[in-house]
Amino acid sequence: MSERLQFKGTRNYIASPELQEIVNVACDLERPLLIRGEPGTGKTVLAKAVAEALNLPLLTWHVKSTSKAQDGLYVYDTVQRLNDSRFGTGEVQDIKRYIKLGPLGKSFQASERSVVLIDEIDKADLEFPNDLLHELDVMSFYIPETGETITAGKRPVVIISSNAEKELPDAFLRRCIFHYIAFPEADEMRRILKVHHPQVEEKLISQSLVRFYWLREQSEIRKKPSTSELVDWIGALVRGGIEPKQLEKELPFLGVLLKKESDMQALRQGQRRNSRF
Amino acid sequence: MFVDFMYQLRSYGLKVSSNEWQTLLQALERGHAAESLNRFYYLARAICCRTELDYDAFDRCFAEFFEGITYSESLKDEFNEWLKNAKPPRALTAEEKAAMQALGLDELKDMFEQRMREQKERHDGGNRWVGTGGTSPFGSGGYNPAGIRVGEGGGMSALQVASQRLFRNFRSDVIIDTRQIGLALRKLRHWGREGHAAELDLEASIEATGRNAGDITLMFRPERKNNQKLLLLMDVGGSMTYHTQICEQLFSAAYKSVHFKEFRYYYFHNCPYDFMFTDMEQQKRVLTRDLLQTLDSTWLLIFVGDAAMAPYELTEVGGAIDYFQQNAETGLTWIDRLRKHFPCSVWLNPEPAAYWQRPSNQLIRTVIPDMFPMSLQGIDEAIAALKRMKQKRE
């Protein structure tokens, strides 16, 4: 292929070199890219960044527990048609008017290449990914109601995010390029924070990073704070006018980082134990 | 050589097939990762791993596979050969050749050797650090101060990454969290339509309306509900004390789980007999016969126990370890009765499978052959077995 897409992250999204590499491989091999990782590591944002960097339109399909594979391709609005036929409004003869394409369907039909995000695929029923296998393989589908076949002119870049709530079927996984977004190390985190809080002074960021990684290391804490929570926390610290020095002794606005009552308690108990030494 | 690598991955339990191999070759043909071991590592990992649980096995395999080369006497020859035979010659585009030459073979070899040496040091250290409770080897402040920067593109070398085994915690045979057991249990969910018809059945309505010459006819059906029922029988006391933590995790996962219509649990000591207990202190009794009466065969049964006891506790009348049991029938009879009553039943054993050659364990397995270790993987397998048993009955 002559026009090879090159993804290098965007101004607002820091992608690690291996992630850049893997996005490029997936684009090039035209395979779906399956992204997993802790909540808050930027799985969903990745698709936006890829679309922005490659200058392609983004179509998002938020999967819910009730989603069916066909919804992503098209929906036949039978109730509307029935209603129209009863009350004599609209052109009931034209079945096409009642066929509504889903995000995948739209991306196949579009004349230009697009990025499709299938967000949180594991939310849906266990059979969901299997039902999509064929469509993702050949990038075309048939609408029996109209006798139409929609084939992708330009195969879209498909990015799939999963929270590992359900295991995905093997046959599906085999077709995907897989990447696990590991939790960023301090260095990378610093770069991410720079993007979100360009004005914040270095000292506050360093100090809060130390405290943040310390917090993540506490074994009592079940729901570990993630990147997005850290970004919010630093925002809160700035607005609250907290000095870097204060962070050494206490953790203000802890509610931004810890979302579970039991974690708060565990931390308080742990601190009491430590203060004895 | 890649074929060997694939077979080695398979021996590490990664389910790679010719499909992945071809994808990998295709990617290499298209010039991905051709000039860098680093990029090859990430590329192969993305293609060969299906979940982050595979990452650790991949890392170990990668480290071993490429480490072995360093230690052989003919390092240079082998490495040369690898570079030459990495892919079919026809796959080399002019672009790739240029890229390889640009790096310089000697330079690359030296880098490789040096990296290997340093990697060995870090390998030991890394293992030790990771070993202590799975904390990050880097602590809160630092970022791998000894990390080697590779000329093109930066970052750690693939072998270093591989040998650090950062993804060790994802290994499926290590228990991590209640939530993960919860997720495993979730697979037991069984949806069925039962009870009051409260949901509009659109398709049936359309069908009926069509048959009714267009006059709208509404059809209803019962809602889809999870109707799985789980009975958990847990061995407590004695040798099970060592396994308290993991048993608690399983219990709390099942208890908190919303995936069961009903969940009941009882305790026994070593083996269930005429009665079991509703509390861990073994004070409040419940007759096993009553349980068999009230719970029907659709219940799933999970035994949890180390199956470690004197054989006579299973084979003799009155053989129970606690004098108050005074069992009139042997323990094995009771287990067999439970198994026959609940055809969908498995045994989870918190002891590693290596200890399973005890006579008492083997006796129990004559009645319940489906015994699984209580690791995440074992629980997964147990649940898959339960599902199979259930499906067979439907």
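**Briefing: a predicted model with chains A and B**

Chain B averages a pLDDT of 72, and 67% of its residues score at least 70. The structure is a predicted model. Its overall scores are ipTM 0.76 and pTM 0.58.

**Chain B: make-up**

- Chain B holds 16 helices and nine strands.
- The chain has 394 residues, and 32% of them count as buried.
- Take the contacts in chain B between residues at least 6 apart in sequence: 70% of these join residues at least 24 apart.

- Where pLDDT is low, predicted coordinates should not be read in detail.

**Chain A: two residues with positive phi**

- A:Asn55 is not a glycine, yet its phi is positive, near 60°.
- A:Asn55 sits in the loop that runs between α2 (43-54) and β2 (58-62) of chain A.
- A:Asn55 counts as exposed because it has 8 C-beta neighbours inside 10 Å, and the cut-off for exposed is 12 or fewer.
- A:Phe253 is another non-glycine residue with a positive phi, about 50°.
- The loop between α11 (244-249) and α12 (254-257) of chain A contains A:Phe253.
- A:Phe253 has 15 C-beta neighbours inside 10 Å, so it counts as partly exposed. Partly exposed falls between the exposed cut-off of 12 or fewer and the buried cut-off of 20 or more.

**Chain A: the surroundings of A:Thr44**

- A:Thr44 belongs to helix α2 of chain A. The loop holding A:Asn55 lies between this helix and β2.
- A:Thr44 counts as partly exposed because it has 16 C-beta neighbours inside 10 Å.
- Which residues does A:Thr44 touch, not counting those up to four places away in sequence? They are A:Leu117, A:Asp119 and A:Ser161.
- A:Thr44 and A:Ile160 are 116 residues apart in sequence. In space, their C-alpha atoms are 8.6 Å apart.

Key
Residues are numbered from 1 along each chain as its sequence is written. Chains are lettered from A and ligands numbered from 1 in the order in which they are written. This is a predicted model: local features need pLDDT of at least 70, side-chain atom pairs count only at pLDDT 80 or more; totals for chains, interfaces and linings use all residues. Helices (H or I, at least four residues) and strands (E, at least two) are DSSP runs, numbered from the N terminus. Two residues are in contact if their C-beta atoms, placed from the backbone, lie within 7 Å. pLDDT is the predictor's confidence in each residue, from 0 to 100.
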